[in-house]
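User: Can you walk me through this model? I'd like the overall picture, then one residue.

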Amino acid sequence: MDILSIIVVAVALGMDAFSVAISIGVVQRKDAFRAALRLAFHFGLFQFFMPLVGWLAGGSIAHLISGYDHWIAFGLLAYVGGKMIADARRTGDEQGVSDPTQGWKLVLLSIATSIDALAVGFSFALLKVPIVFPCVVIGITAFLMTAAGMFFGGRLGKIFGKKVEVLGGLVLIGIGLKILSEHLWGG
């Protein structure tokens with residue numbers, strides 16, 4: 001597989017991470033740089049390892065989850081998106097300090113945005129594509145796209161405020177629905 005094909009795959013895989021990062025960047029108020037670095041690192045790391053896991057697993061694990069991986073991604077994104085909407089609706093003292101770039105939310109989002117990379121790794125194994133270089137390109141691309149998304153989302157949040165927080169939650173749910181529809185209806 002040539003470098004251009006690997007970059008195209010990496011950008012395609014990074015689009016979910018980019019979109020989720022925009023949504024999170026909108027709501028991230030405190031320590032935005034560290035939060036962006038944390039999110040970009042984890043998304044990049046998961047995007048690096050998931051194709052590797054898919055490649056190593058070959059047919060043994062990938063076929064076991066391929067029937068419901070889209071439901072997992074949808075559920076995780078819908079949960080975090082719903083939480084973002086609920087947090088945005090709170091006012092004043094009741095405003096939650098729910099930082100999606102920390103703890104279990106970070107892990108859930110990292111998994112949700114990288115599940116499709118598992119299938120790519122499985123495909124690479126079937127095509128007998130050496131996996132290390134594509135994993136590095138995919139991980140770096142996800143890191144950069146996530147950082148860019150956080151930056152862009154942060155600017156939107158400063159301009160539009162709480163309204164964009166609700167929109168960010170809706171975008172996460174929308175991404176989950178998109179993943180679900182692509183797997184269920186192929187489109």
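Analyst: Buried means under 20% relative accessible area, exposed over 50%, and partly exposed in between, with a 1.4 Å probe and protein chains only. By that rule, 44% of the 187 residues of the protein count as buried. This is a predicted model, where local features need pLDDT of at least 70, side-chain atom pairs count only at pLDDT 80 or more, and totals for chains, interfaces and linings use all residues. Residues are numbered from 1 along each chain as its sequence is written, and side-chain values use heavy atoms, leaving out hydrogens and water.

User: How many helices and strands does the protein have?

Analyst: Eight helices and zero strands, counting DSSP runs of H or I with at least four residues as helices and of E with at least two as strands, numbered from the N terminus.

User: What does the C-alpha trace span along its principal axes?

Analyst: About 55 × 30 × 30 Å.

User: Switching to Thr113, where is it found?

Analyst: Thr113 is in the loop between helix 5 (103-112) and helix 6 (115-126).

User: Why does Thr113 count as buried?

Analyst: Because its relative accessibility is 1%.

User: And which residues is Thr113 in contact with, leaving aside neighbours within four places in sequence?

Analyst: Taking contact as heavy atoms within 4.5 Å, Thr113 touches Leu13, Asp16, Ala17, Val20, Phe43 and Gln47.

User: Which backbone oxygen lies 2.9 Å from a polar atom of the Thr113 side chain?

Analyst: That of Leu109.

Terms used: Polar contact = N/O pair within 3.5 Å; in protein donor to acceptor, adjacent residues only side chain to side chain.
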